[in-house]
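Please look over the sequence and the model before reading on.

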Amino acid sequence: MNAQSPFPFEAAQKQSIINGLSVDVEDWFQVGAFENVIERDDWDGLKSRVEGNVDRILDLFGEAGVSATFFTLGWVAKRCPQVIRRIADAGHEVASHGFDHARVFTLDPAKFAEDIRVTREILEDASGHAVIGYRAPSFSIDPRSLWAFEALAAQGYKYSSSVAPVVHDHYGWPEAPRFAFRPVVGSDLIEIPVTTALLGARRLAAGGGGFFRVLPYAFSRWAIAQVNREDERPAVFYFHPWEVDPEQPRVANAPLRSKLRHYTNLDKMAAKLGRLVCEFEWGRMDALAEIEARRASDLHIASSDLDAAQ
């Protein structure tokens with residue numbers, strides 16, 4: 001007799017709740033896993049594959065009839081403005097992922113403010129549309145960088161999706177709320193954390209990326225269905241263009257753990273995504289933010305917390 005799985009992996013039904021579908025647009029050499037082995041000064045000398053990968057994603061989304069948000073690096077948009085225009089022309093939202101994937105807690109408030117200002121200008125020039133959303137590289141708004149919310153609010157951003165409310169070796173703010181909250185007093189800015197599911201009292205990362213690529217599809221189907229059905233909230237899902245590119249160059253001198261994290265199941269990702277976008281309802285993050293703003297909780301960051309974080 002087969003052992004019973006702890007997850008109810010029954011077939012999910014299409015939900016009436018519209019979930020947030022997002023793509024973090026960065027090239028294969030810009031990821032956090034390789035930040036200690038590939039220097040930023042070397043990026044311009046490496047072969048970019050982001051344009052072809054984004055086109056493949058646009059085709060996949062077009063076939064499924066879904067809209068999404070593309071959180072894009074300013075570095076990419078500056079060099080490939082035609083890609084940003086194609087994203088916008090296809091009806092998707094263009095939002096900010098910062099300029100060059102610097103984690104927020106590695107910047108000071110002044111440098112961060114300049115980063116999000118410059119990136120926004122580049123994205124708006126390329127897309128022809130206002131940029132109102134932001135996602136921190138590697139979900140790097142956490143207790144070390146709470147001041148970032150004030151900077152986003154001051155520049156008029158409407159929403160952020162920069163918090164991972166889990167324990168993780170590269171990121172995470174496990175004490176943060178699982179769903180939308182308002183971090184700044186007197187501001188309309190809301191934070192929409194990436195999705196987590198519950199297994200008993202334990203939070204599980206379930207918002208996409210490497211977890212979606214490496215774990216069985218049934219896990220993500222169960223997790224998204226749980227959030228929709230039991231929490232009655234939308235899920236927030238993300239992935240990267242390089243994850244649909246099994247032919248990308250291999251970084252020979254990267255640590256083994258980074259290689260496993262980055263390259264596992266690249267050849268299976270596109271098919272899994274195709275299944276996911278057809279099995280649930282999906283939409284842009286700006287539309288999700290408008291809905292979630294009506295029931296976002298207040299988690300105002302005190303000035304003392306901001307000062308301590310700086």
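The sections below go from the chain as a whole to its cores and then to individual residues.

## Basis of the description

The model is predicted: local features need pLDDT of at least 70, side-chain atom pairs count only at pLDDT 80 or more, and totals for chains, interfaces and linings use all residues. Residues are numbered from 1 along each chain as its sequence is written, and side-chain values use heavy atoms, with hydrogens and water left out.

## Overall form

The protein chain contains eleven helices and twelve strands; these are DSSP runs, numbered from the N terminus, with helices (H or I) of at least four residues and strands (E) of at least two. Its radius of gyration is 18 Å, close to the 19 Å that the globule rule gives for 310 residues, so the chain is as compact as a globular protein of that length. The radius is taken over C-alpha atoms, and the rule is 2.2 Å times the number of residues to the power 0.38. The C-alpha trace spans about 60 × 45 × 40 Å along its principal axes.

Contact is defined as heavy atoms within 4.5 Å. Of the contacts with a separation of 6 or more, 78% are between residues 24 or more positions apart.

## Surface and charge

Of the 310 residues, 56% count as buried. Buried stands for under 20% relative accessible area, exposed for over 50%, and partly exposed for values in between (1.4 Å probe, protein chains only). The chain exposes about 13,400 Å², and carbon and sulfur atoms supply 51% of that area. Accessible areas come from the Shrake-Rupley method with a 1.4 Å probe; for residues, only the protein chains shown count as cover.

There are 34 positive and 43 negative side chains, and the centres of the two sets lie 5 Å apart. Lys and Arg count as positive and Asp and Glu as negative, while His and the chain ends are not counted. Each charge is placed at NZ of Lys, CZ of Arg, CG of Asp or CD of Glu.

## Nonpolar cores

In soluble globular proteins, nonpolar side chains tend to be buried together. A nonpolar core is here a set of buried Ala, Val, Leu, Ile, Met, Phe, Trp, Tyr and Cys residues joined through side-chain atoms within 4.5 Å. The largest one has 73 residues, among which Phe 61, Phe 70 and Phe 112 touch the most other members. Helix H1 (residues 50–64) gives the most to this core, with six residues. A second, separate core has eleven residues, including Tyr 159, Val 236, Met 285 and Ala 296.

Beyond residues up to four places away in sequence, the contacts of Phe 70 include Val 54, Ile 57, Leu 58 and Phe 61, and also Val 23, Ile 87 and His 92.

## Selected buried residues

Phe 29 sits in the loop between strand S1 (19–25) and H1, and is buried at 1% relative accessibility. It lies 14 residues from Trp 43 in sequence and 7.1 Å from it in space, C-alpha to C-alpha. Trp 43 is one of the residues that Phe 29 touches, as are Ile 38, Leu 46 and Trp 75. Tyr 238, in strand S10, is buried with a relative accessible area of 8%. Among its contacts are Asp 24, Arg 135, Tyr 171 and Gly 208.

Glu 292 belongs to helix H10 (residues 285–292) and is buried at 2% relative accessibility. Leaving aside neighbours within four places in sequence, Glu 292 is in contact with Ala 180, Ile 190, Arg 233 and Pro 234.

## Positive phi values

Most residues other than glycine have a negative phi. Glu 232 has a positive phi near 55°; Glu 232 is in the loop between helix H7 (217–231) and strand S10 (236–239), and is exposed, with a relative accessible area of 52%. Asn 265 has a positive phi near 60°. Its place is the loop between helix H8 (256–263) and helix H9 (266–279), and at 21% relative accessibility Asn 265 counts as partly exposed.

Within helix H5 (residues 147–154), the buried residues are Trp 147, Ala 148, Phe 149, Ala 151 and Leu 152.
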